[in-house]
Amino acid sequence: MSQPTVSVRTYAFTLMGLLGLTLLTSLAGLQDLGRWNVPIALVIALAKASLIAAFFMHAFYDSKLVRVVLAGGVIWFLILITLTLVDYITRGWLPFPGK
Amino acid sequence: MADPSVLALREQFHDPEQQRETSTVGMWVFLVTEVMLFGGLFTAFFVYRLSHPVAFDRGSADMEFVIGAVNTAVLIFSSFAMAMAVHSAEVGKRGRLAVFLLLTMLVGFVFLGLKFWEYYLHYLHHEFPAISFHNTRPDAAYVQMFFVFYFLMTGLHAFHMIIGEGVLGATLLRTLLGSFSESYHTPVELAGLYWHFVDTVWVFLFAIFYIPGAHLR
């Protein structure tokens, strides 16, 4: 019998972690945290996505090539969203007349 | 049906490990293109959200929060079942592999059922853009925009789920026909990668659509 990449134990812990974080994000969402509601939800979502990618998708155990492809996707997406939002967020900062 | 030992090493590859890694990298590259597809929509969503935060929070407050939270847990469990299917394939237990694939599919259908029920509730509550939308707020147009994003993005996600169900069905069929073994089960792993990716997308959809207005309900 060949050795599986990830043990059942690790999968079970990942499942518990994901369900726990889902409960946490739901409870946090029901509180009025002002401007922090969305950032907290996104940070928890990022933690959940990392757990799924690392253990369920074996990214933690895969070759460097796979990890480079994954990192490339994430970095490219960050370029897309940060450059776009930096534009929209800063548009009202300087009081140009007639704008 | 194709003999797994033949499928395990096709002539263009040096060894089975190289063949497996080639397939895995190919699948990840495809998933990166999917990140870009959803990424564009997430970016557009945030552009609108930053411009109309109050209307978007109002729209989010009209989400079926409980169904959304339960559905998140349902999809996570489905991903776990898929992970167990891959594990079963790796240790060469075909019966268990078939059971876990079936379980993954069934839980996936539960998710889709809840999702479509939720759509129906939005339709009843006049929160369905263009078809049935009624809102008297002064910023109703942007509340409607929130729902446009909601239906577009969760709809695209549900479409991915339906494709995934098809992929899992085909994988289950090949399992029952004996195409997979301990030495060759790459298609199970690739179907798993796709399924987990779709799960990951939902995690973010839940965070941006359901959470921001949950405390205003």
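Predicted model: local features only at pLDDT ≥ 70, side-chain atom pairs only at ≥ 80, totals over all residues.
Reader: How do you know that the span of helix 4 of chain B agrees with what its residues should give?

Author: Helix 4 runs over residues 65–90 of chain B, and at 1.5 Å a residue its 26 residues should span 38 Å. The end C-alpha atoms are 38 Å apart, so the two values agree.

Reader: Why is helix 4 of chain B called largely enclosed by the rest of the structure?

Author: A residue is buried if 20 or more other C-beta atoms lie within 10 Å of its own. In helix 4 of chain B, 20 of the 26 residues are buried, and therefore the helix is largely enclosed by the rest of the structure.

Reader: Which residues make up the contact between the chains, and what does chain B supply?

Author: The contact takes 38 residues from chain B and 44 residues from chain A. On the side of chain B that touches chain A, helix 2 (16–51), helix 4 and helix 7 (186–209) each supply at least two residues. Helix 2 of chain B gives the most, with 14 residues. This side of chain B divides into 24 nonpolar, 10 polar and four charged residues.

Reader: Which residues of helix 3 of chain A are buried, and what covers them?

Author: The buried residues are A:Val66, A:Val69 and A:Leu70. Their cover includes helix 2 (37–56) of chain A together with helix 2 of chain B. Helix 3 of chain A itself, residues 64–90, reaches 38 Å from its first C-alpha to its last, close to the 39 Å expected.

Reader: Why is chain A called more spread out than a compact globule?

Author: Chain A has three helices and zero strands. Its radius of gyration is 19 Å, well over the 13 Å that the globule rule gives for 99 residues; therefore chain A is more spread out than a compact globule. Its C-alpha atoms fill a box of roughly 75 × 40 × 10 Å along the principal axes, and 24% of its residues count as buried.

Terms used. Residues numbered from 1 in each chain as written. Chains lettered and ligands numbered in written order. Helix = DSSP H or I, 4+ residues; strand = E, 2+ residues; numbered from the N terminus. Expected span 1.5 Å × (residues − 1). Buried ≥ 20, exposed ≤ 12 C-beta atoms within 10 Å, placed from the backbone. Contact = placed C-beta atoms within 7 Å. Nonpolar A, V, L, I, M, F, W, Y, C, P; charged D, E, K, R; others polar. Rg over C-alpha atoms; globule rule 2.2 N^0.38 Å.
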